[in-house]
Amino acid sequence: MTRPTPPSRGEELLLARISAAAGREHIGRRRATYVGTAHTPHAYAVPVRWLRGLLAFARYGRPSATRTGADARLDLYEHGLTIAVNGRIHVVRYDTTSVLQKNSQHPHDSAARVLRTTRTYALTDVEGERVVLLGRPEDSGAEEWGPAIQRAVTHAQLPRALAALERGERLTFGDVWLTREQVGSGAVSARWPQVRQIDIKKGAIRLNADGNWHSLMPTTSTTPNLFLFCALVERLRTDGMRP
């Protein structure tokens, strides 16, 4: 049986820094670790750090998750996560972060015309900086940490969002807004008993009110915390159908 390679001095120091940063933000116990490589490819209109190495992130300890050459690390905790890249450590709290999600398809096998989906998650860290994680389904680990982040953010923010709605507040997700009584965007609005369905088609959020379809958002990639929005819609729509 092959023994695991002991951590280097540099890895031990990095782990100590990650643990200290997580402790300062009180994000609880570590639950999973993923390692990969990272670089910053292009300049964008907004200050964003792209972690392309997360395309190949694998759960730490698996055969494919070798430490050789790894310069990026993602750690999931109970109440947040840390991202270590290029000597810097970003801390994200699930209860305060804003997540923008974008799905894009790319050809995997031109002969068979097979498309695979790359998911991009842009998270806001505790300092207000956006950090972007990229993941493809064929990459070991991406199918784990992406959904885990979605579930954790929704679990952390849903109770507070529901409480705000009960107080009569209006919540906004990009150009879409929600209240306890209505949902809308721009000139389009509907009361929850009128809403038959809200879906996402070709990257756009659509509303079916009394049998008529309306587009609420041209693209879901500009809707922060889309998965939280979907959870609220299902709760409010179901409540609105009750007599």
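# Hairpins, rings and salt bridges

User: In the hairpin of β12 and β13, which residue takes a positive phi?

Analyst: Gly186, with a phi near 60 degrees; this hairpin has two residues between the strands. The model is predicted: local features need pLDDT of at least 70 and side-chain atom pairs pLDDT 80 or more, while totals for chains, interfaces and linings use all residues. Residues are numbered from 1 along each chain as its sequence is written, and side-chain values use heavy atoms, with hydrogens and water left out.

User: How do you know that β12 and β13 pair?

Analyst: Strands here are DSSP runs of E with at least two residues, helices are runs of H or I with at least four, and both are numbered from the N terminus. Two strands pair if DSSP finds at least two bridges between them. β12 and β13 have four bridges, in the antiparallel sense, so they meet the cut-off. Within this pairing, Ser185 has Val188 of β13 as its bridge partner.

User: What makes β11 and β12 a pair?

Analyst: Residues 176–178 (β11) and 182–185 (β12) are joined by two antiparallel bridges. Leu178 faces Val183 in β12, and Trp177 stands opposite Gly184 in β12.

User: Why are β10 and β13 said to stand at the edges?

Analyst: The open sheet has four strands, ordered β10-β11-β12-β13, with antiparallel pairing. β10 (171–173) and β13 (188–191) each have a single partner strand, so one side of each lacks a neighbour in the sheet. From one strand to the next the twist averages 15 degrees, on a scale of 0 to 180 degrees between the N-to-C directions of axes fitted to C-alpha atoms.

User: Why is the pair of Tyr121 and Trp145 called edge-to-face?

Analyst: Rings of Phe, Tyr and Trp (its six-membered ring) pair if their centres lie within 6.5 Å; planes under 30 degrees apart are stacked, over 60 edge-to-face, the rest tilted. Tyr121 and Trp145 have centres 5.8 Å apart and planes at 65 degrees, so both conditions hold. Tyr121 belongs to strand β8 and Trp145 to helix α2, 24 residues apart. Both are buried, the term for under 20% relative accessible area, with exposed over 50% and partly exposed in between (1.4 Å probe, protein chains only).

User: Why is Arg9 called exposed?

Analyst: Its relative accessible area is 60%, so it passes the cut-off for that term. Glu12, at 40%, is partly exposed. The two side chains meet in a salt bridge with N to O at 3.8 Å, and they are three residues apart in helix α1, about one helical turn.

Notes: Salt bridge = Lys/Arg side-chain N within 4 Å of Asp/Glu carboxyl O.
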